[in-house]
Amino acid sequence: MFVDWGNIDSKGTIQTSDEEIQSFLNFTKDQGFNLIPYTEVICKDFNFFDGEFQRNLINSYVKLNNLGFNGALVDVEAIRDNSENEGSIARNQEEQYLKFLDNLRAALPNKPIFAYAGMLNEHPNEWEWSPALAREVSKRGVNISISSYDTGIKNKREYQDYINDQFGQWASLNLPSKLFLTVPTHKNNDDPSSPETIENCLETFCQNPASNYFSGAVLIFEYTTDDKEWKIFNQYFNNN
C-alpha cells in the first residue's frame with residue numbers, strides 16, 4: 001500500500017506529527033499491509049534540486065522506515081524545466097533526480113523503492129519521461145509506477161488508444177525492474193465526463209498483451225474511492 005505521509009515544508013522535512021504517524025501504524029499493524037510511504041513533490045512548488053532539500057527528504061523517508069514503514073515511493077513530478085530551449089537545463093535536472101535516487105538507495109539498502117513516472121515520450125515535456133530516463137531509473141533497481149491519468153483526453157476511445165500505446169511503449173523497453181500501473185479512481189469526482197476511470201483503464205490494460213510485462217496495479221485513490229470502484233478492481237484482477 002502506497003501511503004501519503006502528508007505535507008513537507010519548503011526544506012523537505014516531514015510535517016506530520018509522530019503521534020499521527022504512530023496512530024496510523026497502530027491501526028494497520030495487524031492487517032498485513034506492506035506500507036510504502038510517499039509525498040507529492042512538484043518541482044514547480046519546491047526547490048527539489050537543492051542539496052539540503054534532498055537530504056531532508058531522504059531523512060524523512062529514513063525516519064518513516066525506522067518507525068515501521070518499508071521502502072519508499074518517490075513522487076517527484078515536472079522534473080524537466082522546458083521553459084528554455086531543450087538542452088542542458090533539462091538534462092542536468094534529470095541527472096540530479098537520478099543522483100537523488102542513488103542517495104536514497106544508499107540510505108535504504110535492501111528496501112523496496114518505487115518511482116512514480118510520467119507518460120513516455122521521445123521528446124518529453126516537463127511532466128513526461130524519456131525512454132532514456134526510464135532506463136536509467138530501472139538500472140538502479142528502482143521499480144516504476146506508471147501513470148494512466150492526467151492525459152487531458154476527453155473521450156473514452158482516444159483515452160484507451162493512448163494508454164494502449166503507452167503500455168506497448170513501456171513493455172518494449174524490457175526494463176530489469178518491475179513495472180506497476182497506477183489506476184485512477186478520483187477523476188470522475190473532479191469531472192464526471194472524464195474518461196479516466198478505473199473501468200476504462202483496467203478494461204484496456206487487461207486486454208493488452210503488454211500487461212504481461214507489468215507486475216501489478218496500484219489504485220491512486222482518495223477518501224472518495226467507493227465500494228463500486230473496489231469491486232471493479234477486484235473483478236478485473238480476479239478474472240484476468
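Residues are numbered from 1 along each chain as its sequence is written, and side-chain values use heavy atoms, leaving out hydrogens and water. Because this is a predicted model, local features need pLDDT of at least 70 and side-chain atom pairs count only at pLDDT 80 or more, while totals for chains, interfaces and linings use all residues.

**Exercise 1. Find the residues with the most contacts inside the largest nonpolar core.**

Step 1: Recall that a nonpolar core is a set of buried Ala, Val, Leu, Ile, Met, Phe, Trp, Tyr and Cys residues joined through side-chain atoms within 4.5 Å. Buried means under 20% relative accessible area, exposed over 50%, and partly exposed in between (1.4 Å probe, protein chains only).

Step 2: The largest such core has 61 residues, and F48, Y97, W129, V137 and W170 have the most contacts inside it. Apart from it lies another core of nine residues, including F2, Y38, F114 and Y149.

Step 3: Now follow Y97. Leaving aside neighbours within four places in sequence, Y97 is in contact (heavy atoms within 4.5 Å) with F48, V74, V76, I79, A115, W129, L133 and V137.

**Exercise 2. Which residues line the largest cavity?**

Step 1: On a 1 Å grid over the protein atoms alone, a cavity is a set of points where a 1.4 Å probe fits but cannot get out, and lining residues have an atom within 4 Å of a point. A pocket is an open set with protein on both sides within 12 Å along at least five of seven lines.

Step 2: The lining consists of V76, E77, A78, I79, Y116, A117, G118, E126, W127, E128 and W129. The space inside is about 50 Å³, a volume being the space filled by probe spheres set on grid points joined across faces, edges and corners.

Step 3: β4 (72-77) and β5 (113-117) each supply at least two lining residues; strands are DSSP runs (E, at least two residues), numbered from the N terminus.

Step 4: For the second largest pocket, the volume is about 170 Å³, and its lining includes E77, Y116, G118, W127 and E128.

Methods: Helix = DSSP H or I, 4+ residues; strand = E, 2+ residues; numbered from the N terminus.
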